[in-house]
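Colleague: Please pick one part of this model and take me through it slowly. I'd like the terms spelled out as you go.

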Amino acid sequence: MADNSVAAYSNLSGSANVPSNIPDLGINSYTVINALLVLALAYVAARIAVFLLTALSERVYEHRITVKMTIPIAKFIIYGFALYHIAGSVFQLSAVQLVAFWGIAGAAIGFGLKDRVAEIVGGIVIVLDKPYQVGDKVTIEDYYGEVRDIGIRATRLVTPDDNLVSVSNQQALNQILANANAGSQEMMVVIDLFIDSSSDASRAMEILRDATVTSRYVYISDKRPVTILLKDYPFYRRVRSKAYVYDLRDEFPFETDVTKRAWDAFEAEGIEPPKAGVVDLGGGSAIDS
Amino acid sequence: MTPRFEEEISLIKKVIVDFGEGRRSNLAIISDPFYGESELMDRVEGMIEDVCIRINAQSLIQSLEILKDSPGKIVIVEEAHRLYRRTIGGFDAMNRFLNMLLFSDRLFITTWNSASWRYLDEVLGLGRHFPQKVSLSKMKTDEIREMLLSGYEEGELTFLEGERGDEEKRKILKWAGRKKALMGHSLEIPYPMVDVGSIRSHLDRSEKKSPDEVFFEKLARISDGNPGVAELLWKEALDYPEVRNALKDPPSIDLSREESFALSIVLSMGSAKLAYLSDVLEPLGISAQNIANLLEERGLVSIDGEVASMRAEALKSALEHLRRLRLVW
């Protein structure tokens, strides 16, 4: 009895001729380790590429954003090449196996990974369509900050409070998105100062203009002019400066510099802030100048 | 010797002739510091001595009355950029001057620092007030050579070869390190750096040039074609009758934003009083004296009493640094 069962087991396990409908994908421990090694190398290569491109972007200061733009492209190329290599060289998939692989992959995507795939596709769309780039200042879903990374899965922003916000690429594409500089090194900064209605508004405009154009952060050219605007409200006036910083990372230091020096000069010339409680801090509308 | 400023002089002559015929076009002569614009103005003044008045803008800051009382029909205003200060209210004197230009029937020939000109052109639209503009051009290697050797006979000077030791030891590829935090540990990651100066030095050696050719090419490069800088470096190299090729490339500048801004203020004036630096920097919470001392320590400015001046040999690297930071446009 025992001999019979051993023989039956031998026949089953040793049979090379057992008919099966499942194609042999040739996956064994060697190929898995090889694939993992390729992915690890791709990860290291991507980190090195990011490090070198970031260092280069700071050296060629005036082309910082342009160089940083290439970071996500480099990452997609490296990971894309790694996946191609794994499929082609490590697993050496034939046409039949590829069909089987995509069949399984399709089922997996359908059941559980569709969001991940949508994020990856979203990342590719962001890199190609460029609604924003690494280094841009954007507002996505109420979060404002500098784009630090466009990853395979998510975009990372650093807010002015130094919080790291991750937004999935798919979500970022589906949101209404505001990009403050759109790939440019310079960025417009709007500075509002509110003064009492009885104060000399013309002089306030002159002072704000001087404070803006003498700032160490300002950048002025034909395409990047300085504009000073005045708006009258029932009990106060708003003096607004619209000017560009030469490095968008200086947005807040620029605002502070201009505001501080302008208010020092306002005080010296008797220009007063509005009386308490009259300013509506609700913010301007989108068509507000 | 080829006389300098021939093109500029012929344009100025044309502007003066046109003025004589009733067509007034105020002229701006724009240059980096040390270009020798005073020498050019000496020659212009020599041509129109009887009908001109020459004045430094410094004396116009308080009042323009001095011009109203003077008899000349042509006014030469030197260092016109000194009429503005980079502070709130610092454009008043400049605006008064520009308004006067609009209503005056005199011809104004003015000299400007190029950094200040570009800044003021964007802020005040200077270009509209000066229909004629001349930028003093860089000198080429041959022109610098001709200028500096004009007082010597051929063969009078002996050009010594540069000290090869240190240059040859320089490697083209160097390794630099950058510290990076990884899983709570600080790691120094090495990365390769190409030494451009070393490549240039190797190429110079392989071309088998004579010592004087090597000297003047290097002089033109380091001075960036600026005659004033070239002359200063020449004086340092000349140990009559020998000329030592000990010219060194200016070091790269490593300054903070505030220090760079202070340097841009000195550069845009050529030289600036410490009191003026204080007016600009104190509202920012920066000590002008400390920054001036630091810039002097780095070899970028020299302080003589109460005045900080750009050092000629640092001009090229300072300009490159400030343009890169977009503090000079």
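Modeller: A residue counts as buried when its relative accessible area is under 20%, as exposed when over 50%, and as partly exposed in between, using a 1.4 Å probe and protein chains only. In chain B, 46% of the 329 residues are buried by that rule. Keep in mind that this is a predicted model, where local features need pLDDT of at least 70, side-chain atom pairs count only at pLDDT 80 or more, and totals for chains, interfaces and linings use all residues. Residues are numbered from 1 along each chain as its sequence is written, chains are lettered from A and ligands numbered from 1 in the order written, and side-chain values use heavy atoms, leaving out hydrogens and water.

Chain B has 14 helices and 13 strands, which are DSSP runs numbered from the N terminus (helices H or I, at least four residues; strands E, at least two). Let's zoom in on a pair of those helices. H9 of chain B covers residues 211–223, H10 of chain B covers residues 227–237, and they pack at about 135° with axes 9 Å apart. H9(B) is therefore oblique to H10(B), since angles under 35 degrees are roughly parallel, over 145 roughly antiparallel, 65 to 115 roughly perpendicular, and the rest oblique. The axes are lines fitted to C-alpha atoms over the stretch in contact, with angles from 0 to 180 degrees between N-to-C directions.

So who touches whom? On the H9(B) side you'll find Phe215(B), Phe216(B), Leu219(B), Ile222(B) and Ser223(B), and they meet Val229(B), Ala230(B), Leu233(B), Trp234(B) and Ala237(B) of H10(B). Sorted by class, this contact of H9(B) with H10(B) has nine nonpolar residues, one polar and no charged. Here Ala, Val, Leu, Ile, Met, Phe, Trp, Tyr, Cys and Pro are nonpolar, Asp, Glu, Lys and Arg charged, and the others, Gly among them, polar.

In H6 of chain B (residues 141–149), the buried residues are Ile144(B), Met147(B) and Leu148(B). They span an arc of only 90° around the axis, so they sit on the same side of H6(B); the arc is that of the directions from the helix axis to the C-beta atoms. An α-helix has 3.6 residues a turn, so residues three or four places apart point the same way. H9 and H10 of chain B are among what covers those buried residues of H6(B), with contact meaning heavy atoms within 4.5 Å.
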